[in-house]
Amino acid sequence: MTMVKVAAGTLRGNLENGIHAFLGVPYAAPVTHERRFEAPQPVSPWQGARDATRLGPVCPQIPTYGPVGTAATSKLAFGEDFLTVNIRTPDPAGRAPVLFWIHGGGYAVGSANEPVLQSGAFAASGIVEVTVNYRLGALGFLHLEGRPDNRGLLDLVAALEWVRDNIAAFGGDPHRVTLAGRSAGGFAVAALMAMPGAQGLFHRALPQSGASTGIASIEDATRLTRRFAAAVNADEDSLTTLPIHRILEIQRDLCNQSYEQHDFARDGAASMLGVPFVAVIDGVSLPEHPETAAHIRRTAAVPMMIGCTTGEYVAHSTVQPEMDFTLCSELLHERTLPRGLSGSLIVERYRSVLPDHSPRGIWRAVAGDLVFQLPAVRFGKLHSRFNPVYKYLYGPLEADELGAPHGAEVGSVWYRDGSNGCELPERQRVKDAGFAKAIHALWASFIKDDSPCAPNGDWPLYHEDNPVVLWAGPGGFELTPDPFDGREALWVPAGHDDREPV
């Protein structure tokens with residue numbers, strides 16, 4: 001048993017395999033019915049020692065986004081008191097670097113309480129690890145007049161402020177915080193890098209399989225709100241009074257309409273991601289798109305490590321049982337319109353440079369580039385104009401755009417000897433412990449130092465004039481030209497300057 005004093009009171013934690021764990025620690029007040037759509041509120045102080053030996057509830061959610069999202073949906077109990085962090089530390093009396101990890105799940109599902117994040121791997125590597133729960137879906141991102149936008153991101157800012165003020169009590173250094181996340185967590189990292197309210201709260205950034213995708217304008221966010229209201233035949237003011245199960249049902253239906261039925265047009269620029277509930281450029285919490293901010297030197301001036309898996313859209317592309325080039329063009333059409341291109345034109349362009357790809361391979365290439373690969377390339381290059389950037393690629397590079405699917409690396413990143421138990425989903429179980437240890441060590445080296453240490457030696461900076469990535473593939477680690485660099489040229493509309501962000 002370990003006791004720690006924070007601003008709101010005393011916490012009683014556990015000792016797990018040599019690691020001090022404090023679980024379900026509140027960084028903001030519970031999300032009650034009255035507070036669902038308000039900014040996060042401070043935690044009320046408590047008397048005595050608060051039990052922090054068990055995980056708390058997760059954000060309310062139900063399976064969303066078809067089979068991929070269903071697999072990512074938490075099966076854990078949800079409740080109101082979910083604005084919490086889970087902290088694991090090697091030594092509460094130390095002064096270790098801090099990892100602040102944001103979970104993925106399309107901004108609608110997932111949690112910081114999932115088994116893969118409970119290994120204590122980073123704490124065992126001398127890092128204080130913090131995993132955070134935040135508001136998802138409509139609770140976190142539905143645009144409502146008179147209510148703050150980006151509530152999910154405001155939750156994360158509140159959690160970062162809590163870390164700044166309290167992490168020293170757990171042996172963490174508040175001046176050495178790495179902001180990291182995978183998938184929607186990576187999208188959140190990029191958004192937070194452009195948020196004035198988050199400046200100075202982190203000192204390194206690590207968006208993993210997610211970058212500057214899925215940012216909505218106020219106009220697009222307003223259209224989504226109208227669709228939400230129409231689904232219950234109600235005016236927008238009454239949406240805040242709906243019971244939580246009804247909010248989740250509408251949220252699921254709207255998300256699935258975009259993801260499964262490819263009805264993207266209604267979601268505007270967010271259609272490229274296929275996730276309707278996303279960060280909103282509201283002019284207040286998020287003044288501009290992260291790529292625009294990076295272009296004019298307004299993203300956080302911190303070193304960044306960014307990357308993707310080699311087959312980001314492998315699992316997503318299984319939604320359609322049959323595929324030909326005509327259907328491929330039709331399915332992609334609404335998603336590519338925000339970039340000024342028709343589905344047929346982008347398929348034609350990709351077929352010209354990838355002539356051996358099947359229709360499904362072209363779909364994997366186009367959608368994978370649109371959502372994951374090219375945002376990472378663009379954001380990496382833009383940020384590298386003013387700050388150090390390291391870019392990686394995880395998994396085998398296989399024909400027809402096959403490779404390591406989205407999320408394949410998370411089991412390795414969080415691998416610790418003895419943590420590969422049967423409670424993990426098959427996709428997160430490590431088969432090569434040596435390779436997993438090397439991946440984890442690479443992540444840990446970036447968190448501990450601005451210059452990460454690659455297993456094969458120095459890792460050169462990534463930038464426009466030298467787009468070299470560290471490829472973690474089946475043969476080990478290799479420095480190589482980014483295989484996805486150059487594909488952005490396929491997306492340039494006629495008359496647009498391809499040197500500037502689209």
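## Burial, salt bridges and helix packing

User: Is D482 buried or exposed, and what is its relative accessible area?
Analyst: D482 counts as buried, a class for residues under 20% relative accessible area, whereas exposed means over 50% and partly exposed lies in between (1.4 Å probe, protein chains only). The relative accessible area of D482 is 5%.

User: What kind of model is this?
Analyst: Residues are numbered from 1 along each chain as its sequence is written, and side-chain values use heavy atoms, with hydrogens and water left out. Local features need pLDDT of at least 70, side-chain atom pairs count only at pLDDT 80 or more, and totals for chains, interfaces and linings use all residues; the model is predicted.

User: How many salt bridges does the structure hold?
Analyst: A salt bridge is counted when a side-chain nitrogen of Lys or Arg lies within 4 Å of a carboxyl oxygen of Asp or Glu. One example is a network that links E291, R339, R378 and E488. The number of salt bridges in the structure is 25.

User: How many residues apart in sequence are the parts that D482 and K391 tie together?
Analyst: The side chains of D482 and K391 form a salt bridge, at 2.9 Å from N to O. K391 is buried as well, at 1% relative accessibility. Helices (H or I, at least four residues) and strands (E, at least two) are DSSP runs numbered from the N terminus. Because K391 lies in strand β13 (residues 389-394) and D482 in the segment after β15 (476-481), the pair joins parts whose separation in sequence is 91 residues.

User: How many residues apart in sequence are the parts tied together by E288 and R298?
Analyst: E288 and R298 form a salt bridge whose closest N and O atoms are 2.8 Å apart. E288 belongs to the loop between β11 (279-281) and α8 (290-295), and R298 to the loop between α8 and β12 (304-309), so the separation of the parts is 10 residues.

User: Which class of accessibility does K431 have?
Analyst: K431 pairs with E426 in a salt bridge, with the closest N and O atoms 3.3 Å apart. E426 is partly exposed, at 47% relative accessibility. K431, at 70%, counts as exposed.

User: How are α9 and α11 oriented to each other?
Analyst: Helix α9 (residues 325-336) packs against helix α11 (residues 359-384) with the axes 9 Å apart and an angle of about 10 degrees. Axes are lines fitted to C-alpha atoms, for helices over the stretch in contact, and angles run from 0 to 180 degrees between N-to-C directions. Angles under 35 degrees count as roughly parallel, over 145 as roughly antiparallel, 65 to 115 as roughly perpendicular and the rest as oblique. The relation of α9 to α11 is therefore roughly parallel.

User: How many residues in the contact of α9 with α11 are nonpolar?
Analyst: Contact means heavy atoms within 4.5 Å, and here F325, C328, L331, L332, R335 and T336 of α9 meet P359, I362, W363, V366, A367, L370 and V371 of α11. Ala, Val, Leu, Ile, Met, Phe, Trp, Tyr, Cys and Pro count as nonpolar, Asp, Glu, Lys and Arg as charged, and the others, including Gly, as polar. One residue of the contact is polar and one is charged. The nonpolar residues number 11.

User: Which residues of α11 meet α5?
Analyst: The axes of helix α5 (residues 184-193) and α11 come within 12 Å and cross at roughly 30 degrees, and the two helices are therefore roughly parallel. F187, A190 and M193 are the residues that α5 brings to the contact. Their partners in α11 are V371, F372, F379 and H383.

User: Which residues does A159 touch, not counting residues up to four places away in sequence?
Analyst: A159 is found in helix α4 (residues 151-166). With a relative accessible area of 0%, A159 is buried. Its contacts are Y27, V85, F100 and V132.

User: Which residues are in contact with S384, leaving aside its neighbours within four places in sequence?
Analyst: S384 lies in helix α11 and is buried, with a relative accessible area of 14%. The residues in contact with S384 are V389, Y462, H463 and E464.

User: What distance separates the C-alpha atoms of V469 and A49?
Analyst: V469 lies in strand β14 (residues 468-473) and is buried, with a relative accessible area of 0%. Beyond four places in sequence, V469 touches residues including K391 and D482. V469 and A49 are 420 residues apart along the chain, and their C-alpha atoms are separated by 48 Å.
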